[in-house]
Amino acid sequence: MITTVRYALGSMLIGVAVFALKYLAYWLTGSTALYSDALESIINIVAAGAAVAALRVSAIPPDANHPYGHTKAEYFSAVAEGVLIVGAAGAILYDAVQTLFDLRAIAAPIEGLALNAAATVLNGVWAAVLVRQGQRLRSPALTADGKHLYTDVVTSIGVFTGVALVALTGWLWLDPLIAAAVALNILWSGWQLVRASLGGLMDEAVPEDELDRIRTVIFENSQGAYQSHDLRTRHAGRRTFIDFHLVVAGDMHVERAHDICDRLETALENEFADCTVTIHVEPEHKAEV
């Protein structure tokens with residue numbers, strides 16, 4: 001938990017540095033497109049703060065009121081980030097429309113674009129770190145933050161190209177149009193984040209490839225049992241919950257059935273970090289045909 005919080009705090013610091021660079025680029029140029037890029041960086045800072053809070057809550061051990069733990073708190077952080085993204089998109093669209101009726105030339109384009117490029121490189125490096133570590137630590141909050149930063153990098157590259165075209169061609173109307181395109185892209189990324197997080201809150205099953213791995217582990221470690229069925233899975237933050245029915249001989253000694261269950265639980269826990277396994281033992285007449 002300490003590691004994930006440190007990465008989230010790092011995101012806040014990187015977010016502040018990126019915002020400072022992008023806002024300075026907007027201040028020098030007056031570009032609406034660069035303004036839209038800077039505004040998205042504010043979301044990154046707020047979202048990183050939300051991730052810190054969510055990670056702290058998710059690390060609280062299970063208690064009487066929350067016997068399955070608090071790991072779902074991370075999904076609320078990702079949902080909050082999606083909502084913030086939608087709000088920022090609305091603000092950018094409003095400014096883009098206003099600018100269309102009051103076109104203005106871009107000042108100091110070389111300096112502004114150089115600052116924007118530096119911020120984009122910094123964002124790209126940190127996004128790669130977050131996605132890699134978020135997947136390693138099984139943290140939805142870190143992974144969502146990293147994927148959003150990737151979207152920010154793509155957006156920034158588009159903005160850079162567009163503002164460069166405005167400076168070269170003098171097509172001032174292109175600046176607010178680029179900002180509007182950024183807003184639409186932000187809306188899409190916000191929806192994707194919310195959709196993925198709602199899936200976790202609604203106890204969506206694990207991905208099919210992970211489900212296949214679970215079935216394989218159960219099959220390879222269920223010697224002594226007749227069959228397994230009714231496999232159910234769900235994610236809660238970085239924790240995976242796995243439960244299924246295990247059919248054994250009706251006259252099997254309880255201790256023997258318990259040994260088989262222990263073997264299965266150990267194998268699954270070795271394959272999937274932070275998993276909770278529940279096995280319901282049944283006699284052979286409960287086997288599925």
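**View 1. The chain splits into domain 1 (1-202) and domain 2 (208-286).** Those bounds come from an automatic or database domain assignment. Keep in mind that this is a predicted model, where local features need pLDDT of at least 70 and side-chain atom pairs count only at pLDDT 80 or more, while totals for chains, interfaces and linings use all residues. Residues are numbered from 1 along each chain as its sequence is written, and side-chain values use heavy atoms, with hydrogens and water left out. Between the C-alpha centres of the two domains there are 41 Å.

**View 2. Here is where domain 1 meets domain 2.** On the domain 1 side, 12 residues are in contact (heavy atoms within 4.5 Å) with 10 residues of domain 2. Together the domains bury about 900 Å², with 47% of it on carbon and sulfur atoms; buried area is the accessible area (1.4 Å probe) that two parts lose on being put together, summed over both. Look for Tyr68, Thr71 and Arg138: they supply 61% of the area domain 1 buries against domain 2, more than any other three residues.

**View 3. What about salt bridges between domain 1 and domain 2?** The count is 0 (the rule wants a side-chain nitrogen of Lys or Arg within 4 Å of a carboxyl oxygen of Asp or Glu).

**View 4. Residues 207-284 carry a UniProt label.** The unreviewed entry annotates this stretch as "domain: Cation efflux protein cytoplasmic", and such annotations may be inferred rather than shown by experiment. The stretch is 40% helix and 37% strand (DSSP runs: H or I, at least four residues, for helices; E, at least two, for strands). Its end C-alpha atoms sit 30 Å apart.
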